[in-house]
Amino acid sequence: MTDLKYSDVTPREDFLNRRRFVAAMAVGGGSIAAGLAPSISSAAIDAVPSIYSTDEELTPLEAITTYNNYYEFGTGKDDAAKRAGGLTTKPWSVVIDGMVNNPGTYDLEDILKDVTLEERIYRLRCVEAWSMVVPWIGFELGTLIARADPTPGARYVAFETLFRPEEMPGQSSRLLEWPYREGLRLDEAMHPLTILATGLYGEELPNQNGAPLRLVVPWKYGFKSIKAIVRMTLTEEEPPTTWNMQSPREYGFYSNVNPEVHHPRWSQASERPVGKGFFAKRKPTLMFNGYAEEVASLYDGMDLRQNY
Ligand code: MTE
């Protein structure tokens, strides 16, 4: 098994294939499965890309990796592409704590060796005032949370980004209250459309997009997708989130994509597709960014104007 390190394989597709090979061996029942979690079904092994992938045209790699929001590196859209290259992303670990039976420091290499956390390709829409379709590589956040085993009272997950001002120059300013924080209700976090991304376009995640581990919640505005995650804390109370702390009137906890609820300073009814030139025609934004069928039931009975 020593040849199966996450770090020593490129390109990324090869790595995915090799991990599936290991999973296939595990199903075959050979001794190679020793030490790996059991119960991988052959259906799961074939499930790349994810069933949630859209057929819509992908945004070019160049646009995805040069038009970013990552305030740890500045507020300009090209600041992260210029400055994030120096961030050390290996080794990396994530603390999972709070209301879980298995708290601890989870090493990312170990997380990615676990075949029950099978990575898939997720071609997902992302929306802010602009929109993109990104072919992420990632795995279900819910599978990792299940490994930490939440206790019955846990209702929310709080996420935190790395705080390392020596490598993240924006953290020396008071632009935001650091570290960057986000949160989800536990049922949102456990939904199979909520992923932790480790790559895009078949390669490891570029630093400007949140390497080595970043949240993707495609039915919420892009700012929920916290980058460079180092901590997840299961809580009973709704956790504070960076943009809500910064400007509560403009950014609520839920931040579900909703073309009917305007941001106080702009309409959210339409979006500008990125990578097609600045004058590309705007598109109407869809409720839950087009994922209503999958996620609307999470909000049954809730007033989404109040809970924005
Ligand atoms: N995560 C951290 N740690 N810091 C940030 O400034 N910006 C958010 C989100 N995650 C941000 C972050 C915002 S506002 C958006 S729109 C998305 O990242 C942008 O992701 P992208 O650059 O990969 O498109």
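Modeller: A polar contact is a pair of N or O atoms within 3.5 Å; within protein, one must be able to donate a hydrogen and the other to accept it, and residues adjacent in sequence count only if both atoms are side-chain atoms. Here a backbone N or O atom of Ser-225 lies 2.8 Å from a nitrogen atom of the ligand. For Tyr-71, a backbone N or O atom is 2.7 Å from a ligand oxygen atom. This is a predicted model: local features need pLDDT of at least 70, side-chain atom pairs count only at pLDDT 80 or more, and totals for chains, interfaces and linings use all residues. Residues are numbered from 1 along each chain as its sequence is written, and side-chain values use heavy atoms, with hydrogens and water left out.

Biologist: Which residues come nearest to the ligand?

Modeller: A residue is near a molecule if one of its heavy atoms lies within 4 Å of it. Of the 15 residues around the ligand, the nearest are Asn-68, Tyr-71, Glu-72, Ser-225 and Lys-227.

Biologist: Is Ala-80 buried or exposed?

Modeller: Buried means under 20% relative accessible area, exposed over 50%, partly exposed in between (1.4 Å probe, protein chains only). Ala-80 counts as buried because its relative accessibility is 1%.

Biologist: With which residues is Ala-80 in contact, leaving aside neighbours within four places in sequence?

Modeller: Contact means heavy atoms within 4.5 Å. On that basis Ala-80 touches Asn-68, Tyr-70, Phe-73 and Gln-208. The C-alpha atoms of Ala-80 and Asn-69 are separated by 7.3 Å.
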